[in-house]
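Hi everyone, and thanks for coming. I'd like to walk you through a protein model, so let me put it up on the screen.

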Amino acid sequence: MGDEVILLDFWPSAFGMRVRIALAEKGIEYEGREENLSNKSSLLLKMNPVNKQIPVLIHNGKPISESLIIVQYIDEVWSHESPLLPSDPYQRANARFWADYIDKKIYSQIYSAGKLVWGTSGEVQEKAKNELRDSFKLLEGELGDKIYFGGDKFGLVDVALIPFYSWFCTLETAGNFSIMEEFPRLVAWAKRCMQRESVSKSIPDQYKIYDFLLELKKKIQIQ
């Protein structure tokens, strides 16, 4: 019998996108179950009783939580196909450092600044945009002239960051600035990633994300 793989997910979630990309890179067949985060399923609460959050990967009945942990689990279990971490110990440690940095620093900066870009104007919005610019500048510096963050091969750091590309349209529209003009290397990297079938099929269209966030903003304003 083959492996039973189930992913508890929510389509706009950047963290869920990471797991979808990793599964697609490995060619793993799985059952995706969409969660309603305002009415979480009993399965989600059972499989992730601590954080009660998606994504959760259930592999042969055993749950794994937290997106980067799930991605590395997938890479270890299905190691024969499309490795996401390099074999060299130093390069592997460096990839884990940057993936962790993206998780703890970049995403929190992008999320908090992104909310301000989306929901404010004037000096507050401009300050938030400058914080985003600082994050993007740091990432471009690490990327340099490489094809992917790890060099020639698509890997863990790319998987960790590329889901945020789905927010670019929203940030540019709300903030009235061009990420493409200011950070061309970062956008070129994102477009290279999007040429991979594993990425293009796992990340929603930017305009779909924009419409979703617009509807969410309206609901919050109504409340």
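This is a predicted model: local features need pLDDT of at least 70, side-chain atom pairs count only at pLDDT 80 or more; totals for chains, interfaces and linings use all residues.

Domain 1 covers residues 5–77, and domain 2 covers 89–219. If you take the centres over C-alpha atoms, domain 1 and domain 2 sit 21 Å apart.

How much area is buried between domain 1 and domain 2? It comes to about 1600 Å², and carbon and sulfur atoms give 70% of that. On the domain 1 side, three residues stand out: Trp11, Arg18 and Ile21 supply 36% of the area that domain 1 buries against domain 2, more than any other three residues.

Now for the polar side of this interface. Between domain 1 and domain 2 there are six residue pairs in polar contact, with both residues at pLDDT 80 or more.

The number of salt bridges between the two domains is two. Side chains of opposite charge can pair when their charged atoms come close. Glu25 makes a salt bridge with Arg196, and their closest N and O atoms are 3.0 Å apart. Across the whole structure, the count of salt bridges is 11. Another one of them joins the side chains of Arg18 and Asp103, at 2.7 Å from N to O. Arg18 belongs to helix α1 and Asp103 to helix α4 (residues 89–119), so this pair ties together parts that are 85 residues apart in sequence.

Strand β1 (residues 5–9), helix α1 (residues 14–26) and strand β2 form a right-handed β-α-β unit. Do β1 and β2 (residues 31–34) pair in the parallel or the antiparallel sense? They are parallel, with four bridges between them. To find the pairing on your screen, look for Ile6, whose bridge partner in β2 is Glu31.

Further along, we meet a second pair of strands. β3 and β4 pair in the antiparallel sense, again over four bridges. Here His59 stands opposite Lys62 in β4. The hairpin of β3 and β4 has two residues between the strands, and Asn60 in this hairpin takes a positive phi near 50°.

That brings me to some backbone details. Most residues other than glycine have a negative phi, and most peptide bonds are trans. With that in mind, have a look at Glu66: it is not a glycine, yet its phi is positive, at about 75°. You'll find Glu66 in the loop between β4 (62–65) and α3. And which form does the peptide bond from Ile54 to Pro55 take, cis or trans? This bond is cis, with omega near 0°. Pro55 is in the loop that runs between α2 (42–47) and β3 (56–59).

Definitions and conventions. Residues are numbered from 1 along each chain as its sequence is written. Side-chain values use heavy atoms; hydrogens and water are left out. Two strands pair if DSSP finds at least two bridges between them. A crossover is right-handed if, with the strands pointing away from the viewer, the path from the first strand over the helix to the second runs clockwise. Domain bounds come from an automatic or database domain assignment. Buried area is the accessible area (1.4 Å probe) that two parts lose on being put together, summed over both. A salt bridge is a side-chain nitrogen of Lys or Arg within 4 Å of a carboxyl oxygen of Asp or Glu. A polar contact is a pair of N or O atoms within 3.5 Å; within protein, one must be able to donate a hydrogen and the other to accept it, and residues adjacent in sequence count only if both atoms are side-chain atoms.
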